[in-house]
Amino acid sequence: MKDLSKYRNIGIFAHVDAGKTTTTERILKLTGKIHKIGEVHDGAATTDFMEQEQERGITIQSAATSCFWNDHQFNIIDTPGHVDFTIEVYRSLKVLDGGIGVFCGSGGVEPQSETNWRYANESEVARIIYVNKLDRTGADFYRVVKQTEDVLGAKPLVMVLPIGTESDLKGVVDLLTRKAWIWDDSGDPMNYTIEDVPADMVDQVEEYREKLIETAVEQDDDAMEQYLGGEEPDMATLKKCIRKGTINLDFFPTYCGSSFKNKGVQLVLDAVVDYLPSPTEVKPQPEVDPEGNETGEFAIVDANKPLRALAFKIMDDKYGALTFTRIYSGTLTKGMTVLNSFTGKTERIGRIVEMHADSRDEVDSAQAGDIVALLGMKNTQTGHTLCDPDNPTTLEPMVFPDPVISIAVAPKDKGAAEKLGVALGKMVQEDPSFHVETDEDSGETILKGMGELHLDIKVDILKRTHGVEATIGKPQVAYRETITRRCEDTYTHKKQSGGSGQFARIDYVLEPMEPGSGFAFESQVVGGNVPKEYWPAVEKGFRASLEKGVLASYPCLDFKVILVDGAFHAVDSSAVAFEIAARAAYRQSVPKAGAELLEPIMRVDVFTQEDKMGDVIGDLNRRRGIIHSQSPTQTGVQIKAEAPLSEMFGYIGSLRTMTSGRGQFTMEFSHYASCPKNIADEIIKAANEE
């Protein structure tokens with residue numbers, strides 16, 4: 001059995017361009033996993049292996065890799081920083097036990113850092129803070145530490161101080177040991193010496209060291225008493241206190257350096273071993289019932305317990321679909337049969353591989369605490385639980401935000417149409433925040449995503465990875481129609497042309513219903529004026545007509561048809577005659593019942609800094625938005641509002657301009673509401689001109 005106390009499942013997350021991928025490269029070099037360091041700006045980084053990542057110099061997919069440091073195994077996930085790919089960060093945090101939050105020494109705490117920090121707080125992931133790029137012009141370690149307190153509401157525990165700054169950065173002082181780590185300028189991370197603290201820093205080191213110890217001993221009453229009695233606790237006790245506080249999220253050990261110049265990364269690796277939790281030290285994953293409510297049971301991290309594993313990412317590569325899986329309890333072996341509790345079907349485990357970015361090492365088994373990729377899983381998707389067929393359960397699933405922007409896509413020719421379907425199927429499996437729908441009115445394929453860049457990359461992947469030539473159109477809003485008043489009416493269908501004719505008469509009432517209730521049909525015919533066998537034909541005629549409204553051909557909803565009376569002919573009446581009568585009755589009566597246009601209203605949550613709140617609210621009001629609440633958060637203000645979808649196109653660009661890139665928003669469908677007359681008239685006019 002593997003010793004789980006020697007495991008660390010960690011993620012590296014931060015704002016775009018804070019140096020996450022570069023830091024991952026240094027970690028892989030120091031742990032002996034790679035021999036030549038690849039640089040992001042050359043498009044050669046190990047974990048940025050997609051063409052789109054190498055060209056743009058950004059990370060799009062989270063990449064997984066394993067390595068060893070001081071006989072501890074690290075499973076590392078390098079995550080993207082761009083707002084449109086936060087889904088990758090969210091699902092990585094869900095399966096990790098600890099994280100390294102990387103901040104830029106000159107840029108400080110940037111917008112995406114706030115979002116990632118919020119996700120990590122929600123997932124209760126213990127973190128270390130690493131202030132990178134201290135060799136840059138304008139870098140200031142102490143300013144960034146202050147920002148983590150003010151902007152993130154976090155409590156940084158400073159563990160090292162930088163020696164020199166900007167181009168004069170030489171190394172760092174380890175406050176616990178009072179030793180200076182100084183690197184030469186060769187760029188080799190192994191070329192360093194450990195010396196005494198520089199004379200001009202002694203007072204500052206003592207001041208910060210005292211703060212560090214005072215904060216740490218609060219975690220242990222005995223150590224606290226000892227310290228108040230004038231005696232400093234030993235190193236083992238101090239480390240134990242820091243570890244406890246880090247795992248409880250009371251504070252975050254804070255380090256600094258320059259990954260690009262190979263200075264300071266070793267101390268971060270030591271901190272991962274010393275202070276971040278092993279799989280057995282974090283809260284176990286809750287199990288849930290089919291409705292998603294917690295059962296009170298937990299997946300205890302133990303290789304001898306029944307299997308509990310969560311598929312958190314699907315990736316398609318040249319070898320087929322890889323299902324990234326975190327095992328919480330039990331053991332997974334090649335060839336075994338597991339139950340997917342979401343689909344209720346069993347699957348056989350083909351091959352198990354440990355990933356190193358896009359290369360792999362095959363293994364025969366994996367156990368609680370491991371993060372591995374499985375090959376050959378047919379029906380498993382992101383968020384599905386794999387478990388022991390004799391002990392079925394479901395782990396708390398992942399909740400993904402709904403897409404906020406959509407575009408229409410059409411294949412250039414018939415050959416491209418088939419390829420498009422296959423390619424989109426694979427892409428939807430890989431990315432749960434990417435949705436594909438077919439618009440029933442226009443027959444167009446609609447792609448929905450988290451932002452303009454997200455969809456831009458998806459279209460790029462369609463063209464280059466899957467070789468699909470397609471034309472990209474503008475997004476359309478899905479309007480609906482309904483009626484506003486009760487209407488009693490009658491319709492007779494009569495057709496006589498020699499031989500048997502057609503005859504059907506229906507007397508009926510149309511009534512508006514509650515929003516969101518759809519369509520209902522009821523018959524109150526007494527006696528045999530309309531025989532029972534014709535009632536379903538009347539309902540079918542009305543239902544078939546719903547797809548096209550009378551105003552602008554949008555689907556019609558939320559009304560009821562009551563069949564009250566009618567007449568039939570013993571020879572000429574038939575089900576077809578009554579269905580035709582119902583279709584004509586719909587076209588005749590809906591305009592009389594006050595037909596109106598409905599527009600989709602979205603629930604909008606906006607996060608912004610406090611001083612920009614007035615601008616954001618003013619802009620939402622201009623977009624016909626209704627503000628419901630404003631509540632302060634640790635990192636700014638959350639505004640809850642509702643606004644029509646038609647007014648929200650391009651909103652992300654406006655919001656980022658207003659808030660200097662720091663604003664964030666989520667948007668999901670809420671309900672349909674009446675469209676103002678001036679706007680409805682324009683839409684109806686445009687629809688009838690087409």
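Let's start with Gln73, which counts as buried because its relative accessibility is 9%, below the 20% cut-off. This is a predicted model, and it places Gln73 in strand E3, residues 72–78. Leaving aside neighbours within four places in sequence, Gln73 is in contact with Lys6, Tyr7 and Arg8, with Ser66, Cys67 and Phe68, and with Glu354.

The largest nonpolar core has 71 residues, and the members that touch the most others are Phe74, Met159, Ile242 and Tyr255. Helix H9 (residues 265–275) supplies the largest share of this core, 8 residues.

Not counting residues up to four places away in sequence, Met159 touches Val173, Asp174, Leu175 and Leu176, along with Leu212, Ile242, Pro253, Thr254, Tyr255 and Tyr275. A second, separate core has 28 residues, including Tyr508, Ala577, Tyr586 and Val590.

## Aromatic pairs and a cluster

The count of aromatic pairs comes to 11. In one of them, the ring centres of Trp181 and Tyr192 are 5.0 Å apart and the planes lie at 20°, so this pair is stacked. Trp181 belongs to strand E9 (residues 179–183) and Tyr192 to strand E10 (residues 192–196), and the pair links parts of the chain 11 residues apart. Trp181 is buried at a relative accessible area of 12%, while Tyr192 is partly exposed at 28%.

Tyr534 and Phe578 are also stacked, at 4.8 Å centre to centre with 20° between the planes. Tyr534 sits in the loop between strand E32 (519–523) and helix H12 (535–545), and Phe578 in helix H13 (residues 575–589), so the pair ties together parts 44 residues apart in sequence. Both Tyr534 and Phe578 are buried.

## Charges over rings

Phe103, Trp117 and Phe252 make up one aromatic cluster. Over the ring of Trp117 sits the charged end of Arg127, 4.3 Å from the ring centre. The charged end of Lys211 sits over the ring of Tyr208, 4.5 Å from its centre.

## Helix H10 and the cysteines

How far apart are the end C-alpha atoms of helix H10 (residues 414–430)? They are 25 Å apart, which agrees with the 24 Å that its 17 residues should span at 1.5 Å a residue. The buried residues of H10 are Ala416, Leu420, Ala423, Leu424, Met427 and Glu430.

As for the cysteines, the structure holds 0 disulfides. Cys387 is buried, with a relative accessible area of 0%, and Cys487 counts as buried at 6%.

Methods:
Residues numbered from 1 in each chain as written. Predicted model: local features only at pLDDT ≥ 70, side-chain atom pairs only at ≥ 80, totals over all residues. Heavy atoms only, no water. Core = buried A, V, L, I, M, F, W, Y, C linked by side-chain atoms within 4.5 Å. Buried < 20%, exposed > 50% of the residue type's maximum accessible area, 1.4 Å probe, protein only. Helix = DSSP H or I, 4+ residues; strand = E, 2+ residues; numbered from the N terminus. Contact = heavy atoms within 4.5 Å. Disulfide = S-S within 2.5 Å. Expected span 1.5 Å × (residues − 1). Phe/Tyr/Trp six-rings, centres within 6.5 Å; stacked < 30°, edge-to-face > 60°. Lys NZ or Arg CZ within 6 Å of the ring centre and 35° of its normal.
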